[in-house]
Amino acid sequence: MHELNSRIAGFHKLGIQGRLDILKTKCNLDSTAITGMLNTGNLPPETADHLIENVVTTMNIPVGIATNMKVDGHDILVPMATEESSVVAAVCNAARQCYDTGGFATSMSGSHMIAQIQLVNITNPHFCRITILEKKEQIKKLCDDCDPVLLSLGGGFQDIEVRVIDSASGPMVITHLIVDTRDAMGANAVNTMAEQLAPLIEQWTGGKVYLRILSNLADRRLARARATWTCEAIGGTAVRDGILSAYHFAESDPYRAATHNKGIMNGVSAVVLATGNDTRAVEAGAHAYAARNGRYASLTHWEINASGDLVGSIEIPLAVGLVGGATKLHPMAKTNLQILGINTAQQLARVIAATGLAQNFAALKALATTGIQKGHMALHAQNVAMMAGAVGQQIHQVANAMIAQGTVRIDVAHQILQDL
Ligand code: MEV
């Protein structure tokens with residue numbers, strides 16, 4: 001570890017160059033490292049500097065296009081930002097195998113977000129609950145006055161829900177503001193409303209409000225997708241039954257369900273990131289939703305239909321938007337949205353759900369048949385070859401030699417490179 005002092009007064013006030021100068025000295029960065037950091041790729045440094053704090057550079061992630069996707073009767077190209085090999089290929093393969101049965105049919109429960117207001121220090125929580133519920137019209141007006149633009153777009157306040165919960169610090173009254181945030185992810189809109197409402201709730205109840213923040217368990221913003229894979233398209237009943245058994249494994253065992261859902265999120269998060277949306281919000285919501293029945297389980301369901309074909313479905317909270325944050329500011333997010341050719345946040349969420357389902361199909365099929373390593377190794381071998389220093393043609397030569405030997409390891413790559 002470096003021996004350095006991390007207290008750097010005024011670091012945030014410096015420009016990128018000023019911060020880099022400090023970093024160079026403190027961390028002994030050579031000129032190659034600094035030149036690399038000055039290259040911010042397709043995100044202009046001034047934009048990056050406005051997106052987060054203390055910016056020194058950007059970091060590129062590959063964006064691949066998932067082909068073969070048909071969603072609600074329309075062919076669509078899906079940009080996916082991920083550092084993991086095989087993820088994009090998996091979606092392409094899964095989508096190809098259900099293309100002839102019509103691809104993915106999708107739907108959405110709505111675009112409603114929930115903001116929570118936490119009221120404490122009350123001895124009569126149920127009385128307070130009813131008092132707050134009585135104020136619905138006043139609350140609606142306050143919320144809608146917070147965001148006239150959202151209102152003009154057909155969104156805004158929808159309802160309130162007031163829950164009494166028990167906690168280690170006594171009873172709490174939790175007010176949920178339910179707001180249609182339309183094409184916005186909605187965090188800013190609902191957080192503002194919750195903050196504005198908080199003093200009134202204190203006044204009405206005599207209690208004390210602490211937290212005023214949206215819930216990432218966006219279970220009023222559920223995206224759904226389903227697709228049919230014929231037995232023939234996937235290679236017969238043994239493959240179908242293997243996929244079904246893998247799904248039953250995930251349904252019965254949280255250790256497996258975590259990996260199963262991680263595979264789904266490989267697809268989901270890649271599109272969320274490619275469109276400049278908040279991957280952590282979506283991930284938190286997805287995993288909380290997967291545990292909604294008291295036990296962590298699969299986000300997808302796999303069944304066999306009357307014709308003996310495999311049918312898959314997914315239901316997942318997807319709080320994504322087309323306006324606000326990086327979605328509007330990152331040039332690549334804008335381009336990726338253009339590639340997708342979608343016009344609403346709901347359409348985006350539905351495509352993302354379809355991508356998650358495709359990803360899950362591909363993973364389960366690979367796992368139930370040849371295992372994932374075979375497909376993974378070709379790309380992984382290339383990565384290892386590059387890590388060993390292979391460039392240009394050498395990358396394929398070294399990778400192929402490692403695959404032929406059946407051992408993909410950095411020391412083997414070094415040896416092969418030397419022999420070349
Ligand atoms: C790897 O990133 C994802 C998988 O582990 C998913 C799964 O096991 O279902 C292959």
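**Basis.** I note that this is a predicted model, in which local features need pLDDT of at least 70 and side-chain atom pairs count only at pLDDT 80 or more, while totals for chains, interfaces and linings use all residues. Residues are numbered from 1 along each chain as its sequence is written, and side-chain values use heavy atoms, with hydrogens and water left out.

**The whole protein.** I found 18 helices and 10 strands, both taken as DSSP runs numbered from the N terminus (helices are H or I with at least four residues, strands are E with at least two). The C-alpha trace spans about 80 × 70 × 40 Å along its principal axes. Of the 420 residues, 45% are buried, a word I use for under 20% relative accessible area, with exposed for over 50% and partly exposed for what lies in between (1.4 Å probe, protein chains only). The accessible surface comes to about 20700 Å², and carbon and sulfur atoms hold 53% of that surface; the areas come from the Shrake-Rupley method with a 1.4 Å probe.

**Two asparagines.** I next looked up backbone angles, keeping in mind that most residues other than glycine have a negative phi. Asn54 has a positive phi, near 55°, and sits in the loop between helix H3 (45–51) and strand S1 (63–71). Asn54 counts as partly exposed because its relative accessibility is 35%. Asn68 also has a positive phi, near 70°, but its place is within strand S1. With a relative accessible area of 30%, Asn68 is likewise partly exposed.

**Gln97.** Is Gln97 buried or exposed? I found that this residue, which belongs to helix H4 (residues 87–99), counts as buried because its relative accessibility is 11%. A polar atom of the Gln97 side chain lies 3.1 Å from the backbone oxygen of Asn93. Which residues does Gln97 touch, when those up to four places away in sequence are not counted? I listed Trp229, Ala233, Ile234, Phe361 and Lys365.

Key: Polar contact = N/O pair within 3.5 Å; in protein donor to acceptor, adjacent residues only side chain to side chain. Contact = heavy atoms within 4.5 Å.
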